[in-house]
Amino acid sequence: MTSYKVLDINDDLPIRTKGDVHSGKVRSVYWLTDEDSARLIKEKNYKVPQGTELAIMVISDRISAFDCIWQGENGLNGVPGKGIALNSVASHWFTLFDKAGLAGNHIVDIPHPYVWIVRKASTVKVEAIARQYITGSMWRDYSKGVRNFCGIDLPEGLTANQKLENVLITPSTKGIIEGVVDIPPVDDVNITRANITDNLNVFNFKSAEDVTKYEKLLVEGFKLISEELAKLDQIFVDTKFEFGYVEDLDGNQQLIYIDEVGTPDSSRIWDGAAYRDGKIIENSKEGFRQLLISNVPESDVLLNKDRMSEREQLAKDFILPESVMLEVSNTYVGIASKIIGEEIVIPEDPRQEVVNILDTDYGLIVK
């Protein structure tokens with residue numbers, strides 16, 4: 001039996017909540033009661049308006065790829081330290097965004113490396129994607145003759161993994177958008193800027209100016225992370241940001257960063273020295289994706305969206321060696337430690353640590 005403890009199940013913690021726990025592929029969100037939200041805002045002096053809804057957001061060590069969760073042998077159903085790595089990197093970038101005067105974010109407190117306390121935001125229904133290199137799905141489409149991406153025309157003659165002249169914004173839908181011509185009602189569909197500006201309400205933007213603002217915040221955030229990673233000889237290849245609206249202390253609506261930014265899960269990060277040598281070494285989840293493609297019996301099951309039921313069955317049946325999960329752990333923890341400038345320590349029992357802190361310091365655990 002493995003000696004590692006991972007936080008793989010994160011939606012059954014004994015946290016006092018209102019309503020159901022919302023659980024995604026990696027994070028679970030526990031909405032606090034109105035009484036607990038008000039109490040914590042007062043006790044902890046959070047800089048948010050009274051009446052703001054707060055949630056406990058607990059990250060897991062689960063690893064998803066190709067829209068499925070993957071498991072390891074010996075019950076290692078997660079990657080040791082992955083949750084801490086993602087939270088540490090995202091909060092590091094959020095702090096630098098604040099210092100640079102870009103925009104705020106949804107985090108109001110960090111009780112534990114696996115836990116954020118966040119404020120409720122009205123989510124913009126756009127996956128804000130920025131690319132500085134042509135690789136992945138964009139390169140696959142380009143190599144088949146596609147030249148227009150999200151309304152942007154690319155020149156002839158580009159090669160795989162080439163740096164692009166400008167940071168490209170290639171948005172996709174967040175969730176299912178219905179009732180808009182040209183946008184099929186499925187999640188994660190590429191869209192153009194015109195699709196957004198012609199349907200502001202559908203995408204939950206308050207004005208056309210805010211579309212320009214999200215693009216500015218995306219590019220400025222991308223450039224800040226890119227410049228910081230360059231100091232570590234790492235290349236920021238592409239990324240996904242998300243945005244939402246909150247009310248500030250004066251009652252004004254503010255567009256802020258939400259979810260996570262610049263992590264190895266939401267971005268591609270390449271080793272600079274290897275790239276200059278003509279090789280690609282991934283310091284992000286893309287390395288895990290490539291590992292799966294190389295190791296599953298039939299890679300088309302992972303790449304073909306028409307074979308989703310087969311893919312889901314494969315993910316349930318395919319058990320990864322412990323050595324693979326630890327290799328992925330080294331990638332996540334290694335790049336995160338470099339970025340934040342200190343070694344990430346993996347807790348012996350993350351679940352119990354989280355419960356203890358939320359009980360003793362926040363009074364949120366149901367006895």
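Leaving aside its neighbours within four places in sequence, which residues is tyrosine 257 in contact with?

## Tyrosine 257 and the cores

This is a predicted model. Leaving aside neighbours within four places in sequence, tyrosine 257 is in contact with Phe94, Phe97, Leu102, Ala103, Gly104, Asn105 and His106, and also with Leu217, Gly221, Phe241, Glu242 and Phe243.

Tyr257 belongs to the largest nonpolar core, which has 97 residues. Tyr257 is among the members that touch the most other members, along with Ile15, Ile56, Trp70, Tyr214 and Phe243. There is also a second, separate core. The second core has eight residues, including Tyr142, Leu154, Leu158 and Leu164.

Leu54, Ile56 and Val58 point one way from the strand. Ala55, Met57 and Ile59 point the other way. Both sets are buried.

E3 pairs with strand E2 (residues 27–31) through five bridges, and the two run antiparallel. Tryptophan 31 has alanine 55 of E3 as its bridge partner. E3 also pairs with strand E7 (residues 115–119). Here too there are five bridges, and the strands run antiparallel. In this pairing, valine 58 stands opposite valine 115 of E7. Strands of a sheet pair through backbone hydrogen bonds, either parallel or antiparallel.

## The three-strand sheet

Strands E4, E5 and E17 form an open sheet, in the order E4-E5-E17. The pairing is mixed. E4 and E17 are the edge strands, each pairing on one side only.

E5 and E17 run parallel and are joined by two bridges. Glycine 72 has leucine 320 of E17 as its bridge partner. Helix H9 (residues 308–317) lies across E5 and E17. H9 runs at about 25° to E5.

## Helix H7 and its cover

Which residues of helix H7 (residues 285–295) are buried? They are Lys285, Glu286, Phe288, Leu291 and Leu292.

Notes. Residues numbered from 1 in each chain as written. Predicted model: local features only at pLDDT ≥ 70, side-chain atom pairs only at ≥ 80, totals over all residues. Heavy atoms only, no water. Buried < 20%, exposed > 50% of the residue type's maximum accessible area, 1.4 Å probe, protein only. Helix = DSSP H or I, 4+ residues; strand = E, 2+ residues; numbered from the N terminus. Pairing = 2+ DSSP bridges. Core = buried A, V, L, I, M, F, W, Y, C linked by side-chain atoms within 4.5 Å. Contact = heavy atoms within 4.5 Å. Axes fitted to C-alpha atoms, helices over the stretch in contact; angles between N-to-C directions.
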